[in-house]
Amino acid sequence: MTAAQLVVVADTVHTLDPARPHAQAVAIADGRITAVGDRADVGSWRGKDTEVVDLGAATVTPGLVDGHVHPVMGLVLTAGIDLSAVRTRGELVGALRAGVADAGTDVRGGAWVRGWGLDPNAFEGAPITHEPLVAALGPDALVHITLFDAHSALVSPRALELAGITGPREFRSGASVVVADGRPTGHLLELEAVDLVGDLLPSEAPEQRRRRFRDLLQSMAAVGLVGANAMDFEGDSAELVQAVAQEEAGLPIRLRFAPFVMPQHGRDHLDHVVDLQRSAGRRWAVDGAKFMVDGTIDGGTAWLEEADTHGESTAPFWPDPAEYTAAVEFLTARGVPTVTHAIGDAGIRHVLRTVAGLSTRTGPVVPHRIEHIETLPDDLVEEFARLDVTASMQPTHCTHFTKADHSDNWSRRLGKVRADRAFRTRDLRDAGARLALGSDWPVAPFDPRAVIADARLRRTAGRVEEEPVLPGQALTALMALEGYTTHAATAAGLGDRAGTVRAGARADLAAFGLDPLRADPDEFAQSPVHLTVVDGSVVHRA
Ligand SMILES: [Zn+2]
C-alpha cells in the first residue's frame with residue numbers, strides 16, 4: 001500500500017459502513033480513503049510525508065452534504081447587514097447603525113445601505129414603515145432591506161424618491177406598494193414592486209462577489225459540510241463557480257448544480273439544460289434539473305387538492321401540468337436527474353404520478369427527487385420508496401415557521417387535518433423512503449448541526465420551552481445523520497463512492513467535538529467542528 005498523505009485519528013469514527021461501523025483511524029491518499037482501522041494501524045500507513053491529525057476525544061463522520069441550497073441567488077438576498085436576529089424596532093435602529101459603522105459605509109455620500117433577513121415581527125405589531133430606517137440613518141440615507149421571506153423589502157424615503165415611487169401602483173402580478181394616508185410606507189410586496197428599487201442597487205464588483213461566494217462556502221465547510229446541492233445555475237453562476245474553483249485552494253466544498261426549468265421555457269431550453277450537464281470542474285458539476293410544481297402555503301400559491309382557508313393554493317405552477325410531465329420525461333430519457341419543488345398534496349401527487357408513468361424508467365436509473373413535501377396525505381407516504389423517489393426535506397422550515405398549536409399562518413391556512421400531516425419525515429423513513437436533509441439557505445440557516453438537532457427535536461434547537469411540532473415525526477439521531485451522508489449520497493447516485501467512511505470512498509470527512517449519535521441534540525447543535533476534509537484536503541481546521 002502507498003503511504004497515506006493524511007491520517008485522521010479520533011476516539012470515535014462513525015463510518016456508516018455496515019461492514020465496519022466503528023473505527024478510530026482513517027488513511028487518505030489522492031482524494032480517496034485508502035484504509036479504515038484502529039489507532040494501532042496508523043504506524044503501518046505512515047510514510048515520511050504523512051500528516052497525522054489526532055483529534056483525541058472527537059467524533060469523525062462522513063462529511064455532511066446539504067440537500068438544497070441557493071448559494072448564488074443567496075448572495076444577492078444576503079447582501080449587507082444581517083438583520084435576522086433583530087426582534088424589536090430599537091434593535092433594528094441599533095443594528096443598522098452598527099452595520100454602517102462596521103462597514104464604513106459613506107451614508108452622507110449617497111452609498112447604499114443594504115440589509116437582509118428582517119422579520120416583520122420586529123415591528124412588534126406596529127405598522128411596517130421606514131420610520132426606524134430614518135431614525136437610524138437620517139432622512140437622506142439610501143436604504144434597502146430584504147425581508148426574511150425574500151419576497152418583500154423595506155426601503156427608505158430617499159430610495160422611494162429615487163425610484164419615483166410617490167403612491168400606489170398597479171402591477172400585473174399580485175405585487176404592491178404599501179401606502180398609508182396615500183403615502184408609500186417603504187414596504188414593497190412581491191418582486192415586481194421590490195424590483196422598482198432593487199433595480200437601482202449597484203451591482204456588486206466581480207471580485208467582491210467572488211470573495212463573498214468563497215466566504216459563504218468556507219463558512220459552510222466550517223460547520224462540517226463537504227458539499228451541497230445547489231438549486232441555482234442561472235445568471236453568472238458558471239463564471240462564479242469556475243473563478244473560485246480555479247483559485248489555488250479551489251472550492252471549499254463540492255457543489256452539484258441543477259439549473260431551473262420553468263413553464264415558459266420551451267424545447268430549446270430543455271436542450272440547453274441537457275447540454276449543461278457536461279459542465280463540470282474541480283469539486284463542482286451540473287447534474288440535474290430543477291422544477292417547481294407549486295409555490296408556498298404561506299403565500300397561497302401551493303397546489304392543494306382542496307383550497308386553503310383563504311380559498312387559495314389551488315393552482316399548479318405549470319398552467320398545464322402535462323407539460324411538466326413531458327419535460328421530466330424528456331430529461332429522464334436523456335439521463336438528467338430531476339429535482340421538483342412540491343409543497344402541497346396535489347403537487348406532490350402530480351410529481352409521483354409523473355415518475356410512476358415514465359416510460360424511460362426501464363433504462364439506466366435516473367434519480368428523481370421531490371423537495372419540501374410540506375403536507376403529505378397518507379396514501380402517498382409509501383409511494384416514495386415504491387417509486388424510488390428521494391424525499392428531500394428541510395426540518396428547520398417546520399421548526400422555524402410553524403407552531404405546535406397551529407397558531408401560525410402556515411397551519412391556519414391549511415387547517416388542522418392538513419397541518420397534522422406536516423413535514424412527515426419519520427413516516428417517510430419508516431415507510432422505507434430515502435430522506436435527504438438540508439436547509440434551503442438563505443430561507444433558513446445552513447448549519448447542519450442545528451438542522452440535525454431540529455429533525456430530532458421537532459422544535460428549534462436550544463429553545464427547550466418550545467412545544468415540539470408533531471413529535472411523532474422526529475427522526476432518530478442515526479436517521480438524521482444518514483440524511484446528510486448515506487442518503488444524500490444515494491440520492492445523487494453516488495452510493496457506491498460517497499457518504500460513508502470506507503476504503504475506496506471519497507475522502508470527505510467531518511469531525512465534531514460531540515458525538516452526533518450520542519450527544520443531546522440541543523448540545524450537539526453547539527458542538528465544535530474540529531475538522532472538515534474534502535477530497536482529501538483539510539478545508540477547515542478549528
Ligand atoms: Zn429552495
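Colleague: Hello! What stands opposite Ile145 in E10?

Modeller: Leu154 does. This is a predicted model, in which local features need pLDDT of at least 70 and side-chain atom pairs count only at pLDDT 80 or more, while totals for chains, interfaces and linings use all residues. Residues are numbered from 1 along each chain as its sequence is written, and side-chain values use heavy atoms, with hydrogens and water left out.

Colleague: How do you know that strand E9 and strand E10 pair?

Modeller: DSSP has to find at least two bridges between two strands. Three bridges join E9 (residues 142–147) to E10 (residues 152–155), so the two count as paired. They run antiparallel. The names come from DSSP runs numbered from the N terminus: helices are H or I with at least four residues, strands are E with at least two.

Colleague: What makes E7 and E11 the edge strands?

Modeller: The open sheet has six strands in the order E7-E8-E9-E10-E12-E11, with mixed pairing. Strand E7 (81–82) and strand E11 (176–180) each pair on one side only. Helix H6 (residues 190–198) packs on this sheet and touches E8 (112–118), E9, E10, E11 and E12 (183–189), where contact means heavy atoms within 4.5 Å. The direction of H6 makes about 115 degrees with that of E12; axes are lines fitted to C-alpha atoms, for helices over the stretch in contact, and angles run from 0 to 180 degrees between N-to-C directions.

Colleague: Why is strand E1 called largely enclosed?

Modeller: Eight of the nine residues of E1 (residues 6–14) are buried, so the rest of the structure largely encloses this strand. Buried means under 20% relative accessible area, exposed over 50% and partly exposed in between, with a 1.4 Å probe and protein chains only.

Colleague: Which strands does E1 pair with, and in what direction?

Modeller: Six bridges join E1 to E2 (residues 22–29), antiparallel. Four bridges link E1 to E4 (residues 51–54), parallel, and two link E1 to E5 (residues 59–62), also parallel. Val7 stands opposite Val52 in E4 and has Ala27 as its bridge partner in E2. In E5, Thr59 is the partner of Thr12.

Colleague: What makes a space a cavity rather than a pocket?

Modeller: On a 1 Å grid over the protein atoms alone, a cavity is a set of points where a 1.4 Å probe fits but cannot get out, whereas a pocket is an open set with protein on both sides within 12 Å along at least five of seven lines; lining residues have an atom within 4 Å of a point. The search finds two cavities of 30 Å³ or more. The largest holds about 50 Å³, and its lining includes Asn229, Arg256 and Arg369.

Colleague: What do you know about the second largest pocket?

Modeller: Its volume is about 400 Å³, meaning the space filled by probe spheres set on the points, which are joined across faces, edges and corners. Of its 25 lining residues, the closest to the centre are Arg254, Arg256, Ala492, Leu494 and Arg506. E13 gives the most to this lining, with four residues.
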